[in-house]
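Dear colleague,

Please find below the sequence and the structure that I am handing over to you. My notes on what was found follow directly after it.

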Amino acid sequence: PVVLHRIVVAPTHATVTLTAGQQVIWLDPSMAFGTGHHATTRMALERLEARVLHGLRVLDVGAGSGILAIAAARLGAAAAHGVDTDEATLPLARAVARDNGAHATFEHGSLRPGDPAHACDVLVANLYAELHVELASGYARALKPGGALIVTGILRERAPKVEAALAGAGFARVTRFEDGAWCLLEAWRA
């Protein structure tokens, strides 16, 4: 199991002991990325835990196993929606959400910043640096004013390019978190 502050991610065969305020997300390793073991997923889960999500809409771009949207739903988001270009991940993400009693929803496709279905208060994406650079302006258009962006999957030496793209897209207060060779950037839409 991956034990965080408020969330424990565990395979269904594991025995888990929770402390007060913790909840478990049951997730067996599969073909889709995202079990919480990789530094990038773990950092994204930690940043979601650090936020008050009640009443907010969260969008997970590149949802994979659905772990980030499911965690957002379990942490109190009013709506948690994931989008992924890999159609094969969707049945898994939907099943994991159902099995964990999470109201997270998932769709096949890419970020559509002008679509009201993708308008959000918090956008989380665990992709790679070059794709974050390409999507930076789309992230800004999808987020509501004052919304939070959480992007990870970024190798440390590539973080400056992503930071520059986010600044160019109008994001403010970019904060970097590091774990080994990996970075997570958190920023706010002006």
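In this model, Val124 stands opposite Ile150 in β8. The model is a predicted one, in which local features need pLDDT of at least 70 and side-chain atom pairs count only at pLDDT 80 or more, while totals for chains, interfaces and linings use all residues. Residues are numbered from 1 along each chain as its sequence is written, and side-chain values use heavy atoms, with hydrogens and water left out.

The strand pairing comes first. Helices (H or I, at least four residues) and strands (E, at least two) are DSSP runs, numbered from the N terminus; two strands pair if DSSP finds at least two bridges between them. β7 and β8 pair in the parallel sense over 6 bridges. Strand β4 (residues 57-61) is joined to β7 by 4 bridges, and these two also run parallel; here Val61 stands opposite Ala125 in β7. In strand β7 (residues 120-126), 7 of the 7 residues are buried (under 20% relative accessible area, with exposed meaning over 50% and partly exposed in between; 1.4 Å probe, protein chains only), so β7 is largely enclosed by the rest of the structure.

These strands belong to an open sheet of 7 strands with mixed pairing, in the order β6-β5-β4-β7-β8-β10-β9. β6 (105-108) and β9 stand at the edges with a single partner strand each, so one side of each is left without a neighbour in the sheet. β9 is joined to β10 by 7 bridges, and the two run antiparallel. Ala172 stands opposite Trp188 in β10.

Turning to the helices, α5 (residues 159-168) has the buried residues Ala159, Val162, Ala165 and Leu166. They cover an arc of only 125° around the axis (taken from the directions from the helix axis to the C-beta atoms), which puts them on the same side of α5. The face turned away from that buried side carries the exposed residues Lys161 and Gly168. The buried residues of α5 pack against α4 (129-142), β8 (143-155), β9 (171-179) and β10 (182-189), where contact means heavy atoms within 4.5 Å.

In the contact between the two helices, Ala129, His132, Val133 and Ala136 in α4 meet Lys161, Val162, Ala165 and Leu166 in α5. After α5 comes Gly170, whose phi is positive, near 95°.

Yours sincerely
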